[in-house]
Amino acid sequence: MNEINKFKMKMEKICLSKDRQVLIRLRWKTLLLLIVLGPLGLGCNYSDEQTVTNFNELTMSDEFDTDGAPNSAIWDYDIGTRGDGWGNNELQYYTDRNENIVVQNGYLIITAKQESFKGSSYTSARILTKDKFEQQYGRFEARIRTPYGQGMWPAFWMLGANSDEVIWPGCGEIDIMEIRGQEPTILFGSVHGPGYSAGQAITKRYDLVNDRFDTDFHIFGIEWGPNYVNYYVDDVLYNQIKPSDLPDPDNWVFDQPFYIIINLAVGGNFVGSPNEETVFPQTMLVDYVRAYKFK
Ligand SMILES: [Ca+2]
């Protein structure tokens, strides 16, 4: 890693640890401070460096350029409610119907509808690459426009490939993007594992300034390697999670292949139920999903 990149990462970390507006005002002061004090090792409280790698070999990409059902070579569906709202008291019934999930005009379109369906009051969709595309480490990214409104819960995330054998959260979970529909400027990136799951997940929020996640597309990504997961939105590195961030560093469960999940939940513990102001249907548009590994 060259010195410019190291410096950029340090700047990002400083910037992201503070309110972004303040940060913009402070940016040049901080820059000067780093230039003056940097050589003395006094310019920054962060002794750790961001690990920046180049995962530049494409291993999987779905550009969603063939209309119809999602590509069955890559994706499977989760159907129904699993009886427990997928462990989160979610309210929707997931289907594989075109009206809930379809590829059209270059996008994957997941539509949450308000309708009475097999005992649920809402329908939506969830697809996953389990047993079809699983990878350990790399860059995983998707370009997404999220839905809007109280009770909408779009997510782009990953589970450990051993999720059938090792019960959650032991299998590990990496949430690349979670957004509450009622807070369309706030992104959450998290990891869950043994001793740090649900309300105790290791998480960080990122506040978008002068923009919203539901009015335009944004790129959500991670770069994941041995002992780190770096979180990106667009070109901003906003967090790094390492074993030392866990209650017990020995409970790092991210050294095995993971698979990708994309879904739009309605209701559930994270967002609460829709209310009378929530407009249906709501759509989540995915322009592409790509994965890379180190060349
Ligand atoms: Ca596309």
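Hi everyone, let's start with Val286: leaving aside residues up to four places away in sequence, it touches Phe64, Tyr107, Leu108, Ala142, Ile144 and Ile262. Touching here is a contact, meaning that the two C-beta atoms, placed from the backbone, lie within 7 Å.

Before I go on, a word on the source. This is a predicted model, where local features need pLDDT of at least 70, side-chain atom pairs count only at pLDDT 80 or more, and totals for chains, interfaces and linings use all residues. Residues are numbered from 1 along each chain as its sequence is written.

Back to Val286. Which residues touch the most other members of the largest nonpolar core? They are Phe156, Met158, Ile174, Ile176, Val229 and Val286, in a core of 63 residues. For the cut-offs, a nonpolar core is a set of buried Ala, Val, Leu, Ile, Met, Phe, Trp, Tyr and Cys residues joined through C-beta atoms within 7 Å. Buried means 20 or more other C-beta atoms within 10 Å of the residue's own, exposed means 12 or fewer, and partly exposed is in between, again with C-beta atoms placed from the backbone. As a general point, nonpolar side chains in soluble globular proteins tend to be buried together.

Now the whole chain. Its secondary structure comes to two helices and 18 strands. These are DSSP runs numbered from the N terminus, with helices being H or I of at least four residues and strands being E of at least two. Of the 295 residues in the chain, 37% are buried. Among contacts between residues at least 6 apart in sequence, 73% join residues at least 24 apart.

Next, please find strand E18, residues 282-293. How many bridges join E18 to strand E1? Five, and the two strands run antiparallel; Asp62 has Val289 of E18 as its bridge partner. Strands count as paired if DSSP finds at least two bridges between them. Strand E5, residues 107-117, is also antiparallel to E18, again with five bridges, and there Ile110 stands opposite Met284. With strand E9, residues 138-145, E18 makes seven bridges in the antiparallel sense, and Arg143 stands opposite Tyr288.

Is Gln240 buried or exposed? Gln240 is buried, because 20 other C-beta atoms lie within 10 Å. Its C-alpha atom is 9.3 Å from that of Lys204, 36 residues away along the chain.

Let's turn to the loops and their backbone geometry. The peptide bond from Trp168 to Pro169 is cis, with omega near 5 degrees, and Pro169 is in the loop between strands E10 (152-160) and E11 (173-179). Another cis peptide bond joins Phe280 and Pro281, with omega about -5 degrees. Pro281 belongs to the loop between strand E17 (258-266) and E18.

Finally, the loop between strands E2 (76-78) and E3 (92-94) holds Arg82, and Asn89 is found in the loop between E2 and E3 too. Arg82 is not a glycine, yet has a positive phi of about 60 degrees. Asn89, also not a glycine, has a positive phi of about 60 degrees. What about their surroundings? Arg82 has 12 other C-beta atoms within 10 Å, so it is exposed. Asn89 counts as partly exposed because it has 14 C-beta neighbours inside 10 Å.
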